[in-house]
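This briefing summarises a single protein chain for a reader with a computational background.

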Amino acid sequence: MAERKWKKISTWMAAWVMAVVFAVSGAQTAFAATSYVNSVSITLDVTPTVGESLPDLDVGYNSDNCEVSIPNNDKYDIVSAKWSSTKNDVKIGGTYTMKVTLKTLNNYRFSSSSYTSSKVKVKNGTFVSASRTSSDRLVVTVKTKPAKGDLDAPGEAYWQTTKSGSSDLGLAKWEAVEDASYEVYLYRGSKNVYKSGEIHTSSCDLFPYMSSKGTYTFKVRALPSNDEVSKYASKSDWTISDEVYIDEDDAARAAKKKPSSGNNSSTNNSGNSQQAPSNVNEVGWILDGNRWYYRYPDGTYLKNGWGFIGNIWYLFDANGMMLTGWQMKNGVYYYMNGDGKMQTGWLLYNNTWYYLSESGVMVTGWITLGDKAYYLGGDGGMLTGWQNIDGQIYYLYPDGHKAVNEVIDTFYVDQDGVWRKPQ
């Protein structure tokens, strides 16, 4: 009896052991079958249209012609794609982010290690980040390429016609455009008399080219400001100015300022230009008489443009001669000191202060330096005293800075520096 009972217990224990073995073996088999998704690929086929809302996003596989898709595979699928924020007006050059949710298939799982740009390939867009929300969910943030389109045209083009100096009738101005440089054409009647090069300020002194009596207009358009902007932005439409009339006296004054060797050439205040010396073997700086030239090792000279030599900008004419004094280049003024170095910052010239920007361009209009504002007239000269500027009355101290929120000669100027006549 005891022997029969022991056999039953032995049989039961053997069955239990076998069950445990099979269970453990099955778990090991299931564990061994789990694999990880090491990399993912996302393709964007969406181009935000400038001026419109962001488009709806459909998801699928690459063959489905969807806005957001993945390769057809057995490891992961695409669940959704949503814009990170709602944009009702796409801007030129704007990039927009979306969150793409992926899920694993079969026995695959997303790894707990981070998914970086080396593991997430984004076609026609840029990877931003990736976050695993669970072992079978991965949220990838991607960014579109910059929205392409035409630059905005300058909103208004006009003449500054205050009688304030040498540029009194010919200072062309226009409303600035973001990420733009500019191109300007000057017309007398219907005849084109001047074409500028690329201009990086929103004004241009055209007076030197108004050397004949007549009615003048100019047109201006925006250009991409650099190679990066040109990848997504195209030049704008033209904006046309109103008219300004130049009489014989004004034309005679303009003729004295007209560059002597073509529309885009610079004038020279230190004497007439001459050909660069040809019978020399030296390289670098060469002094010929009282004129400086810069010669390359191949025997050619730096001519008709800028040279960056020893961390200093110099300007050379068409014959290779270094220029000094006031020079016009591409419609704007620069000042080259007696050593030929391009001047920046404040310049005292003929008892008048001028301000040259970091790029060397002579500044006109309002500028703010530190906590003080100054006004440079149409000819670049700093104004002082009581001044009517764009229809408002201001007081500018002898050092040029604008009075603000104080009483000047018993007259109060407000927080904007404007004096307002009592009603």
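Contact here means heavy atoms within 4.5 Å. On that basis, 55% of the contacts in the protein chain between residues at least 6 apart in sequence join residues at least 24 apart. The model is predicted, and its secondary structure amounts to three helices and 35 strands.

**Overall composition**

- Of the 423 residues in the protein chain, 41% count as buried.
- The protein chain exposes about 23,700 Å², and carbon and sulfur atoms supply 47% of that area.

**Confidence**

- The protein chain has a mean pLDDT of 83, with 85% of its residues at 70 or more.
- Where pLDDT is low, the predicted coordinates should not be read in detail.

**The sheet S12-S13-S16**

- Three strands, in the order S12-S13-S16, make up an open sheet with antiparallel pairing.
- Its edge strands are S12 (157-160) and S16 (203-205), each of which pairs on one side only.
- From one strand to the next, the twist averages 25 degrees.
- Four bridges pair S12 with strand S13 (residues 171-174) in the antiparallel sense; glutamine 160 has leucine 171 in S13 as its bridge partner.

**The sheet S3-S4-S2-S8**

- Four strands form an open sheet with mixed pairing, in the order S3-S4-S2-S8.
- Strand S3 (59-61) and strand S8 (120-123) stand at the edges with a single partner strand each, so one side of each is left without a neighbour in the sheet.
- Neighbouring strands of this sheet are turned against each other by 25 degrees on average, with direction ignored.
- Strand S2 (residues 40-44) runs parallel to S8, joined by four bridges, and the partner of serine 41 in S8 is lysine 121.

**Strand S10 and its partners**

- Strand S10 (residues 137-144) is largely enclosed by the rest of the structure, because six of its eight residues are buried.
- Strand S6 (residues 97-104) runs antiparallel to S10 and is joined to it by seven bridges; leucine 102 has leucine 138 of S10 as its bridge partner.
- Strand S9 (residues 125-134) is likewise antiparallel to S10, with eight bridges between them.
- S9 and S10 form a hairpin with two residues between them, and serine 134 stands opposite arginine 137 in S10.

**The hairpin of S14 and S15**

- Strand S14 (residues 180-188) and strand S15 (residues 191-195) pair in the antiparallel sense over four bridges, with tyrosine 187 opposite asparagine 192 in S15.
- Two residues lie between the strands of this hairpin, in which glycine 189 takes a positive phi near 65 degrees.

**Nonpolar cores**

- The largest nonpolar core has 51 residues, and those with the most contacts inside it are Trp159, Trp174, Leu186, Leu206, Met210 and Phe218.
- Strand S26 (residues 332-336) contributes the largest share of this core, with five residues.
- Another core, of 27 residues, lies apart from the largest one and includes Val90, Phe110, Tyr115 and Ala147.
- Leaving aside neighbours within four places in sequence, tryptophan 174 is in contact with residues including Pro154, Glu156, Tyr182, Val184, Cys204, Phe218 and Val220.
- In soluble globular proteins, nonpolar side chains tend to be buried together.

**Non-glycine residues with positive phi**

- Asparagine 65 has a positive phi of about 55 degrees although it is not a glycine. Its place is in the loop between S3 and strand S4 (68-70).
- The relative accessible area of asparagine 65 is 69%, so this residue counts as exposed, the cut-off being over 50%.
- Aspartate 390, another residue other than glycine, has a positive phi near 55 degrees. Aspartate 390 is found in the loop between strand S31 (385-389) and strand S32 (392-396).
- With a relative accessible area of 70%, aspartate 390 is exposed.

Terms used. Residues are numbered from 1 along each chain as its sequence is written. This is a predicted model: local features need pLDDT of at least 70, side-chain atom pairs count only at pLDDT 80 or more; totals for chains, interfaces and linings use all residues. Side-chain values use heavy atoms; hydrogens and water are left out. Two strands pair if DSSP finds at least two bridges between them. Axes are lines fitted to C-alpha atoms, for helices over the stretch in contact, and angles run from 0 to 180 degrees between N-to-C directions. Buried means under 20% relative accessible area, exposed over 50%, partly exposed in between (1.4 Å probe, protein chains only). Accessible areas come from the Shrake-Rupley method with a 1.4 Å probe; for residues, only the protein chains shown count as cover. pLDDT is the predictor's confidence in each residue, from 0 to 100. A nonpolar core is a set of buried Ala, Val, Leu, Ile, Met, Phe, Trp, Tyr and Cys residues joined through side-chain atoms within 4.5 Å.
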